[in-house]
Amino acid sequence: MAARPAKSDLEHYLIVEDDRGRKGISLKEASYRIGREKNSDIHLSSQFVSRRHATLNRRVREDGTSYYQIVDGDGEGRTSVNGLLINGRKLESHNLKHGDEIVFGPQVFAIYQLKERDLFPTVPPDDPFDITLIDPGMMMDD
C-alpha cells in the first residue's frame, strides 16, 4: 500500500506590539477591524493609532489558498490619520506575505506570519493491513 502524501495547512498569524506589550493573534475570521476603538477586533493600545486604523480581509486565490489583505482605514473609504507603513513604504493597501511588518504609529507595529504545517492522513479503519501486535509479556494473569 503506497503512502499518501501529507497535506499542508497554512496558519495566518499576526504578532502585534503596542503600549501594552506583545501579543500573538491567530487569524481565522474573514475580516478584522484594527484600531484604538475598544470594540475593534484587534485592539491597539496607543494614542497615536486611529480608532479605525485598518481593516484586514481574507482573500482566496484561484488555487483555493487564502491570504490576507490589509487596507488603511475603516474599509469604507475613511483612512487613518497616520496611514500604514508596510515594510518601510507608505501604502493604502497591501496583500500580506510572510514576514511583512506593518507600522501603525510610533512603537505600534505588527508582523504577519504564515506558518505551514503538514497534516498527515490517517489510515482508514477498514485497512486490511492494519494489525495490532500484542506482546505476551504485557498480558496480565487473572
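Histidine 43 counts as buried because its relative accessibility is 19%, and buried here means under 20% relative accessible area, with a 1.4 Å probe and protein chains only. This is a predicted model, where local features need pLDDT of at least 70, side-chain atom pairs count only at pLDDT 80 or more, and totals for chains, interfaces and linings use all residues. Residues are numbered from 1 along each chain as its sequence is written, and side-chain values use heavy atoms, with hydrogens and water left out.

So what surrounds histidine 43? Setting aside neighbours within four places in sequence, histidine 43 is in contact (heavy atoms within 4.5 Å) with Asp18, Lys23, Gly35, Arg36, Glu37 and Lys38. The histidine 43 side chain also reaches the backbone oxygen of arginine 36, at 3.0 Å.

Now zoom out a bit. Histidine 43 sits in strand E4, residues 42-43; strands are DSSP runs of at least two residues, numbered from the N terminus. Histidine 43 is the bridge partner of glycine 35, and 2 bridges join strand E3 (residues 31-35) to E4, running parallel. Two strands pair if DSSP finds at least two bridges between them.

E4 belongs to an open sheet of 5 strands, ordered E4-E3-E5-E6-E9, with mixed pairing. E4 and strand E9 (93-95) stand at its edges with a single partner strand each, so one side of each has no neighbour in the sheet.

As for the whole protein, there are 11 strands and 0 helices, and 33% of the 142 residues are buried.

Definitions and conventions
Helices (H or I, at least four residues) and strands (E, at least two) are DSSP runs, numbered from the N terminus. Buried means under 20% relative accessible area, exposed over 50%, partly exposed in between (1.4 Å probe, protein chains only). A polar contact is a pair of N or O atoms within 3.5 Å; within protein, one must be able to donate a hydrogen and the other to accept it, and residues adjacent in sequence count only if both atoms are side-chain atoms.
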